[in-house]
Amino acid sequence: RILVATDFSAAGECAVAAGARWARREHAALRLLHVAPSRRLVGGALGSRRVALELATAAKGALADVAARADPERTLELSTALVTGAASREIARAAVEFDTDLVVIGVRGEHAHGAPGLGGTAAKLVDRFERPLLLARSEAAGSAPPVVIAGVDLGPASRAVIGWGLRAAAGGTLHVVHVYELPYAGRLAAYGFSDAALGVYSEREQAERERALAALLVPAAGAADVCVEHVVERGRAASLLAAHRARRHAGTIVVGRHRRGARSPAGFASVCRDVAQFASCDVLVVPSS
């Protein structure tokens with residue numbers, strides 16, 4: 001079940017197109033949601049009952065037009081929903097009511113004005129949402145096989161990140177990337193450890209992480225329609241994920257988000273937010289279970 005929220009902006013149209021692609025690929029039910037501002041939020045003349053009813057009628061018509069464009073051949077199990085209120089709260093509520101497996105939204109909506117980063121609704125959902133969330137940035141995909149980057153920290157969300165990465169990369173390539181910073185490297189150098197000793201320490205850390213990642217990837221070996229590659233690197237996670245995306249021309253980055261208060265084993269605490277905000281492609285945020 002896929003829920004797509006649209007505000008009829010260009011970003012909303014992008015989200016609808018992405019949601020429809022996922023629905024076709026996954027044979028999933030698709031619901032298109034529009035959250036209209038309540039009379040209290042609109043205020044003034046637009047807040048009158050008569051005008052509110054007129055706005056609701058117009059919004060229903062616009063939503064029907066979006067649905068027709070998303071599924072012109074009527075091959076999807078598609079429904080629409082119109083609600084009023086604060087966008088992030090109503091999207092979260094609709095996701096529960098629809099028992100949604102994936103929510104798709106645009107990165108920046110009607111107030112974007114060409115600015116980079118996340119819009120207010122997207123930022124709130126990235127920080128708090130407890131279901132997989134696709135931030136749609138890319139235009140409609142072409143005929144080339146998909147290329148997906150999955151950033152894992154070997155923590156609780158890693159298996160789910162790989163699983164969603166395999167879905168996103170169906171028929172294409174999944175690059176599973178683990179980036180780490182050497183624990184206490186600076187402190188050990190300050191304690192007087194030699195470069196040779198630090199080198200041995202680094203090699204052991206690298207080997208342990210490569211073994212851990214290989215164990216995580218065992219289930220992925222059965223994905224016959226996806227070419228899976230993996231790499232373990234030392235450095236700054238957000239920067240290296242962006243570099244891998246650019247080098248491989250990936251259309252999607254999949255990252256995990258830890259629950260509030262949970263500590264990432266590889267320093268990924270802010271990586272999810274950084275990637276969501278600055279990546280120039282679709283970003284799929286997978287919460288830890």
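Trainee: Where is H27 found, and what makes H27 count as exposed?
Mentor: H27 is found in the loop between helix 1 and strand 2 (29-36), where helices (H or I, at least four residues) and strands (E, at least two) are DSSP runs numbered from the N terminus. The model is predicted, so local features need pLDDT of at least 70 and side-chain atom pairs pLDDT 80 or more, while totals for chains, interfaces and linings use all residues. Residues are numbered from 1 along each chain as its sequence is written, and side-chain values use heavy atoms, leaving out hydrogens and water. The relative accessible area of H27 is 75%, and exposed means over 50% (buried is under 20%, partly exposed in between, with a 1.4 Å probe and protein chains only); H27 is therefore exposed.

Trainee: Why are helix 1 and helix 6 called roughly perpendicular?
Mentor: Helix 1 (residues 10-26) and helix 6 (residues 158-168) pack at about 90°, with their axes 11 Å apart. Axes are lines fitted to C-alpha atoms, for helices over the stretch in contact, and angles run from 0 to 180 degrees between N-to-C directions. Roughly perpendicular covers 65 to 115 degrees (under 35 is roughly parallel, over 145 roughly antiparallel, the rest oblique), and the two helices are therefore roughly perpendicular.

Trainee: Which residues of helix 1 and helix 6 meet?
Mentor: W22, R25 and E26 in helix 1 meet W164, R167 and A168 in helix 6, contact being heavy atoms within 4.5 Å.

Trainee: How do you know that the length of helix 1 agrees with its number of residues?
Mentor: The expected span is 1.5 Å times one less than the number of residues. For the 17 residues of helix 1 that should be 24 Å, and the end C-alpha atoms are 24 Å apart, which agrees.

Trainee: What makes strand 3 and strand 8 edge strands?
Mentor: The open sheet of ten strands has the order 3-2-1-4-5-10-9-6-7-8, with mixed pairing. Two strands pair if DSSP finds at least two bridges between them. Strand 3 (77-84) and strand 8 (227-234) each pair on one side only, and these are the edge strands.
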